[in-house]
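Hi everyone, thanks for coming.

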Amino acid sequence: MQVPSHFEYERAADVEQVLALLARYGPEARVVAGGHSLLPMMKLRLAAPDALIDINDVSELSYIRVERDELLIGTLVRHAELLDSPVAAEHFPIFREAERVIADPLVRNRGTVGGSLCQADPSEDLSAAFAAVRASAVIRNAEGSRTVPLREFHVGPYETVVGDGELLTEFRVPIKPGGSSAYEKVGRRAGDWALAAAGAAIWLDGGNVADVGIGLTAVGAAHFVAAEAEEYLRGRPADDESFAQAGRIAAEHCRPTADQRGPVDYKRHLAGELTTRALRRAAERART
Amino acid sequence: MTETPQHHGFGSMRRKEDARFIRGRGTFVDDIKLPGMLHGAILHSPHAHARILSVDTGAAEAHPKVKAVITGEVLAAMGLAWMPTLSGDVQAVLATDKVRFQGQEVAFVIAEDHYSARDAIELINVEYDALPVVSDARTAMDEEAPVIRDDLEGRTDNHIFDWEAGDRARTDEVFAGADVVLSQDMLYPRVHPAPLETCGIVADMDKVTGKLTVWATTQAPHAHRTLYALVTGLPEHKIRVISPDIGGGFGNKVGIYPGYVCSIVGSIVTGKPVKWMEDRSENLMTTSFARDYHMSGSIAATRDGKVLGVRVTTLADHGAFNGTAQPTKFPAGFFHVFTGSYDMQAAHCEVTGVYTNKAPGGVAYACSFRITEAVYLVERLIDLLAAELDVDPAELRLKNLLQPEQFPYTCATGWEYDSGDYATTLRLALDMAGYDALRKEQAEKRARGELMGIGISFFTEAVGAGPRKHMDIMGLGMADGAELRVHPTGKAVLRISVQSQGQGHETTFAQIVAEELGIPADDVEVVHGDTDQTPFGLGTYGSRSTPVSGAATAVVTRKVRERARLVAGAMLEADPGDLEWDAGRWFVRGDRTSGVTIQQIAMAAHGDLELPEGVEGHLDATTVYNPPNLTFPYGAYICVVDVDAGTGKVSVQRFIAVDDCGVRINPMIVEGQVHGGLADGIGMALMQVMAFDEQGNHLGASFMDYLLPTSMECPSWELGATVTPSPHHPLGAKGVGESATVGSPAAVVNAVVDALKPYGVRHADMPLTPANVWRTIQGSPFRTDLAIT
Amino acid sequence: MKITVTVNGQDHERDVEPRLLLVHFLRDDLGLTGTHWGCDTSNCGVCAVWLDDVPVKSCTVLAVMADGKTVRTVEDLERDGELDPVQKGFSECHGLQCGFCTPGMLMTSRWLLDTNPDPSDEEIRVAISGQLCRCTGYENIVRSVRWAAEHPAVQNTSEPDVTV
């Protein structure tokens, strides 16, 4: 079995201690929670941090609750917890649908929401889901905290705005009435990474689209967002024709790359197809 | 007295071996821990083809926990840099001159612990000079292709062999006179058996006694012992190979791998036991792959659907060393059983084997020596013919299946099929499926624009290698020994040469003794997997355990029974010829009250009874079983799929499998074997593939990229059975371990192609991933064995 | 570094490297070889154990992360000589062949039944979907878990018997 190389290990009890340890160990330290992205990379020796700062005991980061008009999700929430959260599902069915197809139950028991976002894999599902619902991320540092829209969170593949000495602590999702959401993913098999996936959140105004968010993963969409398709849809009738066109626009503007999961034309097609399907289902839900 | 049941020992019975596994108390190779044991790790080549300029092991050797670093140069000095393969070629143990595939073994580090060994391989510095690569078998024979095996004297190309079977002229004649001739290129891509336990070894050379003890993940411990003796020069009686519990084999654990040889050398060099276990990438990148057959098949038929002949030319990718594991006289394995289950006049096949810059292997993964490829070929051709003639594929099969009265049947390529009642089996499958209703449902769905497919595969297997006159591996005839000891109290110990990797030998073989000797299966201990404890035999693969060792067990038990007859005669003061056997007792004919039980006989045979002529004492017996022929299990499989045209995603809705493997010793175990093989079929047809890019990079080197089916892709299997005994097997049994793996991929592919009929699709190569299906619908499928671009 | 892990109800104190994986800690340091490993990438699930009462893949947890936590492995399923119903179910329904994935399957099955005593076949399939089995095609595993659900308190572990 492949095994990681040496590193130092520290366990933090609270956010303050995490920040202190990050300051002490410097940029070659990595925060670890579930470890389901980082540890496999370390075993394959694609990552070799000097130190790991374990935040599993930082229970203050483990919550899902509604405060005022926002759904708040602590970054230490395990995938299984988000999957099973009635409050998250009530406001955003997209989370349950996305979580259901992320890895497998055992990985979901351990892997965390924050860890997935910080890994910033270009095929990661929650990035698309959070982008669709226009979440924002709260990042703590020695000076205090800052809030970054999810749509500005990713800098590139495997890169985020979380800087040295910083800790991602929370996601905030604005709750607005009149909407719903859905997630559509195609993998080659259960537990597979997405060949493509689309998340849609839609708010209706009568028969028209009042607002919409479309997240795409695994297809090279900038910031995991189908911005042009969103733009097209706003104010249009919430019908199959609009959704099909939005799908076409999403397909046109994404930039997938070929790999063994599929060629570019297929992934582009899938981006459109899944966008249309997610929109259709989200709208159906919003109507009821 | 109640009526004796027909079978005393056969029937579904919980497995004896479960007791340890459900408690986590199995003993797998990696569970073995010896005092002072060291740990090995291998450095692999990142290049698919490169000259080695230098290997610098200084830093690794300086690692405080490293005990030794072995390179190709070190082995060369011992004459061990190369080892013979099972196909008469040689394979590098550690590379000396060149590396010839990505992942090839370059150096072996031995350290105090596993983690340090892994650290130290990172410290070895190898300088390579990259060479052009042959990653596509179809270019291997191009004039400009680099010569991969320049180590072989006089080599100027990458050609390994040409081989043919059947009658070319007669086949040409039949094709020339046919109303319909259809041809199709099809690829059976490179896949890997990927047992969940990877390959590994603990080698322990005792310098005082001169004895080498090897615990290894081997499906063929006796053959390994002989090969180790031949490779290392150690005397064979000083080698003991133990195959403990094995976490699945599927043909992956037949061959001898460089890591094994390095560990043995490492133990000799360090004087300590050395353990080496592959990691998953090593398993997928270096140990025996399966298939990689590029086939061009044709079928000839009359206009009314009578099949006249088939022919095929095949390009076989054998990788960088010809190491396929099959009987010596069969370089393409049993691929020439490709006439399948059908009566036809002529057939011909040609196979050309070539070297490429990929790992060696080819015969593995429950393929019954390439019958997987053969069945896939003929079952695709039959479906193509059905589509062309616009007849139902079930009907076309029924029209052409061999009839019961044709058995024993000698097929156009010379195999003698032992027994079969094919139409009955297919009809049962059709009934179970509700075939007519399914076709109706399909028509309704098609009318709604939905894609549903129904695929049939009817396979005939040829398993139980084999008659030693025709079949050997490296000169070792494929006959199996068996020994049966009956203790004074009538409890028995059976020693067999085959080795279970999950097939349940400890139960099934005890049941054979129970059946034949009339004692409870619980009174029989089955010893296997230890060359010091068991008679010689060729091992478990090719579905050969029941056909060969099962027969050996029946024969040796009958020998014991006959010896018991003599003893019983003395006990009863009767002529042994006047005795009758029934359910564990010999009694004087006509007087059932007069008998003695096998337990009483056993005690008497060990006691002071004056023994009759021909019995020296005890009841123990040994035998060697040389099968007169292979056994020919068969089956009818029906797969039902839905295809999402918008995404290309295939979902298997139902899978009906009716197997006929002759007499079933333990039907529960038989069904379990079938279940596993059906999942293999889903995996191969829909997701499993090892593709390579132009640089020879392996694109499926982890379980993230080489996908195996989960519980979610597998339907609830619907199984049925017919029983047509083998006329030449002492129990009427046939092998079954590989039937479903052999038969099921074609059913899945036929179902998907059937679903795509509205798009005019005739064929699509495996695996039918969403991308591949979608592209097939678009009319632009891609090569599944190459990098997707 | 020094850690104390409660494994199967017993505290184990060991000095380990931070990089030591929990699966190796269990197998090599504690000799609990019932837990296996089968890949490097958290895909196969043969290493499943409970960490603080939920099944996880122990190849993707550091031993140091289990410091102060509880771990349960297959060796703890049988208690006072009484097999857990899932153990019986796997034997009754032929839910195992080579036995390599079995310990992980058993641990997940026990967890499933603790949280959902009467799961549907689909729920069973979902629960084990991150654990590969190469032998059974999963069907008999599903049946085994169903059997365990239907026999929550079977007392008798009878010896194997023949049914013709």
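Let me start with a term: two residues are in contact if their C-beta atoms, placed from the backbone, lie within 7 Å. Please also keep in mind that this is a predicted model, where local features need pLDDT of at least 70 and side-chain atom pairs count only at pLDDT 80 or more, while totals for chains, interfaces and linings use all residues. Residues are numbered from 1 along each chain as its sequence is written, with chains lettered from A and ligands numbered from 1 in the order in which they are written.

So, how many residues of chain B are in contact with chain C? There are 51 from chain B, and they meet 46 from chain C. On the chain B side, β1 (12–13), α1 (18–21), α8 (280–286) and α16 (667–686) each supply at least two residues. These names refer to DSSP runs numbered from the N terminus: helices are H or I with at least four residues, strands are E with at least two. The largest share, seven residues, comes from α16(B). By class, this side of chain B has 22 nonpolar, 18 polar and eleven charged residues. Here Ala, Val, Leu, Ile, Met, Phe, Trp, Tyr, Cys and Pro count as nonpolar, Asp, Glu, Lys and Arg as charged, and the others, Gly among them, as polar.

Chain B touches chain A too, with 25 residues from chain B and 21 from chain A. Here α4 (114–121) and α18 (770–777) of chain B each supply at least two residues of the chain B side. That side has twelve nonpolar, six polar and seven charged residues.

Now let's look inside chain B. Its domain assignment (bounds come from an automatic or database assignment) gives domain 1 (18–24 + 479–625), domain 2 (32–131 + 198–246 + 253–286) and domain 3 (289–465 + 629–777). The centres of domains 2 and 3 of chain B, taken over C-alpha atoms, are separated by 37 Å. Between these two, 18 residues of domain 2 are in contact with 22 of domain 3.

On to helix packing. Axes are lines fitted to C-alpha atoms, for helices over the stretch in contact, and angles run from 0 to 180 degrees between N-to-C directions. In chain B, α13 (residues 505–517) and α14 (residues 545–572) pack at about 35°, with axes 9 Å apart. Among the residues that meet are F509(B) and I512(B) from α13(B), and A554(B) and V560(B) from α14(B). This contact has six nonpolar, five polar and three charged residues.

In chain A, the axes of α5 (residues 93–100) and α8 (residues 125–132) come within 10 Å and cross at roughly 170°. The two helices are therefore roughly antiparallel, a label for angles over 145 degrees. I94(A), F95(A) and A98(A) meet D125(A), L126(A), A129(A) and A132(A) there.

Last stop, a sheet. In chain B, three strands form an open antiparallel sheet in the order β28-β29-β30, where strands pair if DSSP finds at least two bridges between them. W586(B) stands opposite V596(B) in β30(B).

How values were computed. Parallel < 35°, antiparallel > 145°, perpendicular 65-115°, else oblique.
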